[in-house]
Amino acid sequence: LIAATVAMFAALPFGIDPLWYVEPVTLSEAAALRDSGEVVRLIGLGADPNEASVVRQNFAHNEAHVLTPLEAAVSIRRVGIVDLLLENGARMDAVTWTRLICFADIVDADDVRTLLEQRRPQGASTTCEGVRTPW
């Protein structure tokens, strides 16, 4: 028993936890899971807040999707995560803004829509015609 305990403690600095498996999450998944601490930690470690990545099944929707962190945050209707991402380097040009507004409309995220309206870039369209969403 003592030997097993020593082996467990010796493995911890190398990222091996013998009691449970911890699966890493992407920045988009952290946004979808409403984990603001993980969002800030991943950005601090160099994760790109504009890079799309897979959000696994049941994190935000019934299927897996490839989303940017902003898209993931809008899809779960979390204005705080959207604001956090924008304050930490997420860029929002006219095309991205239009896509996010359309996402907000689909998921009935009025508070997110209000935040996005306040940050509307020049030349952004409010029409969702031609905008494809993953769900």
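What follows is a chat about a predicted model.

Visitor: How many disulfides does a search of the whole structure find?

Guide: One. In this predicted model, the disulfide joins Cys102 to Cys128, with an S to S distance of 2.0 Å.

Visitor: Which parts does the pair tie together?

Guide: Cys102 lies in helix 6 and Cys128 in the segment after helix 7, so the bond links parts 26 residues apart in sequence.

Visitor: Left-handed or right-handed?

Guide: The torsion about the S-S bond of Cys102 and Cys128 is about -110°, so this disulfide is left-handed.

Visitor: And Cys102, buried or exposed?

Guide: Cys102 is buried, with a relative accessible area of 3%. Cys128 has a relative accessible area of 32%, so Cys128 counts as partly exposed.

Visitor: On to helix 7. Which of its residues are buried?

Guide: Helix 7 covers residues 110–118, and its buried residues are Val112, Leu115 and Leu116.

Visitor: Why do they line one face of the helix?

Guide: Looking down the axis of helix 7, the buried residues fall within an arc of 100°, so they line one face. As a general point, an α-helix has 3.6 residues a turn, so residues three or four places apart point the same way.

Visitor: What is exposed on the other side of helix 7?

Guide: Asp110 and Gln118 are exposed there.

Visitor: And what covers the buried residues of helix 7?

Guide: The cover includes helix 4 (69–75), helix 5 (79–87) and helix 6 (94–106).

Visitor: Change of topic: the surface. Which residues make the nonpolar patch?

Guide: Met8, Leu19, Trp20 and Val22 make a nonpolar surface patch of about 440 Å².

Visitor: Where does Trp20 lie?

Guide: Trp20 is in the loop between helix 1 (2–11) and helix 2 (27–32).

Visitor: Why does Trp20 count as exposed?

Guide: Trp20 has 55% relative accessibility, and the cut-off for exposed is over 50%.

Visitor: Last one, Ser53. Where is it found?

Guide: Ser53 is found in strand 1, which spans residues 53–55.

Visitor: Why does Ser53 count as buried?

Guide: Its relative accessibility is 16%, and buried means under 20%.

Visitor: What does Ser53 touch?

Guide: Leaving out residues up to four places away in sequence, Ser53 touches Thr26, Ser28, His65, Val66 and Leu67.

Notes: Residues numbered from 1 in each chain as written. Predicted model: local features only at pLDDT ≥ 70, side-chain atom pairs only at ≥ 80, totals over all residues. Heavy atoms only, no water. Helix = DSSP H or I, 4+ residues; strand = E, 2+ residues; numbered from the N terminus. Buried < 20%, exposed > 50% of the residue type's maximum accessible area, 1.4 Å probe, protein only. Contact = heavy atoms within 4.5 Å. Arc of directions from axis to C-beta. Patch = residues over 30% accessible without salt bridge, like charges linked within 9 Å, V, L, I, M, F, W, Y side chains within 5 Å. Areas by Shrake-Rupley, 256 points an atom, 1.4 Å probe, with all protein chains shown as cover. Salt bridge = Lys/Arg side-chain N within 4 Å of Asp/Glu carboxyl O. Disulfide = S-S within 2.5 Å.
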